[in-house]
Amino acid sequence: MKFIKSKVANITEDKASGNPVLHGVDTEGYHRYDNAHDLVVLAVGMEPSVDASKIMKGVAADVSGFIDINATTEAVFGAGCASNALDVNRAVQGATAASLRAIQVINRVSRAEA
């Protein structure tokens with residue numbers, strides 16, 4: 001038995017055996033592959049555990065139920081899996097963007113008070 005942690009781009013069927021053939025990239029070695037397998041286990045999709053509208057007034061949810069970072073009116077900055085089902089790289093990018101937006105709001109408020 002061999003486990004491969006990877007990003008699968010496409011799954012086709014081997015015409016001879018009927019087994020699934022995965023086409024993707026191994027995330028640990030970043031090697032492309034086209035391998036036939038007996039069994040393929042795909043991760044279950046994510047969904048929010050709390051309705052974003054119940055978190056606090058002014059927090060909007062998108063059609064999937066995650067925090068809609070473009071429609072939220074309060075000084076709330078959704079990041080990571082609160083804003084969408086993301087892989088690690090996109091979660092880090094989203095967290096960085098949310099931090100920068102928070103810094104901009106703080107700077108704007110501090111200038112207005114000065």
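Student: Which residue in S2 does Val-8 stand opposite?

Tutor: In this predicted model, Val-8 stands opposite Gly-24 in S2. Gly-24 in turn stands opposite Tyr-33 in S3.

Student: What makes S1 and S2 a pair of strands?

Tutor: Two strands pair if at least two bridges are found between them. Seven bridges join S1 to S2, so the two strands count as paired. They run antiparallel, and Ile-11 stands opposite Leu-22 in S2.

Student: How do you know that S2 and S3 pair?

Tutor: The cut-off is again at least two bridges. Strand S2, residues 20-26, and S3 have five bridges, so S2 and S3 pair as well. The sense is antiparallel. Val-21, for example, stands opposite Ala-36 in S3.

Student: What lies between the strands of each hairpin?

Tutor: The hairpin of S1 and S2 has six residues between its strands, and Gly-18 in that turn has a positive phi of about 80 degrees. The hairpin of S2 and S3 has five residues between its strands. In that turn, Tyr-30 has a positive phi of about 55 degrees.

Student: In what order do the strands form the open sheet?

Tutor: The order is S1-S2-S3, with antiparallel pairing.

Student: Why are S1 and S3 called edge strands?

Tutor: Strand S1 (6-13) and S3 each pair on one side only. From one strand to the next, the twist averages 20 degrees.

Student: What pattern does the protein chain follow along the sequence?

Tutor: The pattern is β-β-β-α, from three strands and one helix.

Student: Why is Leu-42 called exposed?

Tutor: Exposed means over 50% relative accessible area. Leu-42 has 52%, so Leu-42 is exposed. Leu-42 is placed in the loop between strand S3 (32-36) and helix H1 (88-113).

Student: Which residues make the nonpolar surface patch?

Tutor: Val-8, Ile-11 and Leu-42 make the patch, which covers about 240 Å².

Student: How do you know that Lys-2 counts as exposed?

Tutor: The same cut-off of over 50% is used. The relative accessibility of Lys-2 is 69%, so Lys-2 is exposed too. Lys-2 lies in the segment before S1.

Student: What separates the C-alpha atoms of Lys-2 and Leu-39?

Tutor: Their C-alpha atoms are separated by 10 Å, while the two residues are 37 residues apart along the chain.

Student: How does the radius of gyration of the protein chain compare with that of a compact globule?

Tutor: A compact globule of 114 residues would have a radius of gyration near 13 Å, whereas the protein chain has 21 Å. Along its principal axes, the C-alpha trace spans about 70 × 30 × 20 Å.

Student: What share of the protein chain is made up of buried residues?

Tutor: Buried means under 20% relative accessible area. Buried residues make up 15% of the 114 residues.

Notes:
Residues numbered from 1 in each chain as written. Predicted model: local features only at pLDDT ≥ 70, side-chain atom pairs only at ≥ 80, totals over all residues. Heavy atoms only, no water. Patch = residues over 30% accessible without salt bridge, like charges linked within 9 Å, V, L, I, M, F, W, Y side chains within 5 Å. Areas by Shrake-Rupley, 256 points an atom, 1.4 Å probe, with all protein chains shown as cover. Salt bridge = Lys/Arg side-chain N within 4 Å of Asp/Glu carboxyl O. Helix = DSSP H or I, 4+ residues; strand = E, 2+ residues; numbered from the N terminus. Buried < 20%, exposed > 50% of the residue type's maximum accessible area, 1.4 Å probe, protein only. Axes fitted to C-alpha atoms, helices over the stretch in contact; angles between N-to-C directions. Rg over C-alpha atoms; globule rule 2.2 N^0.38 Å.
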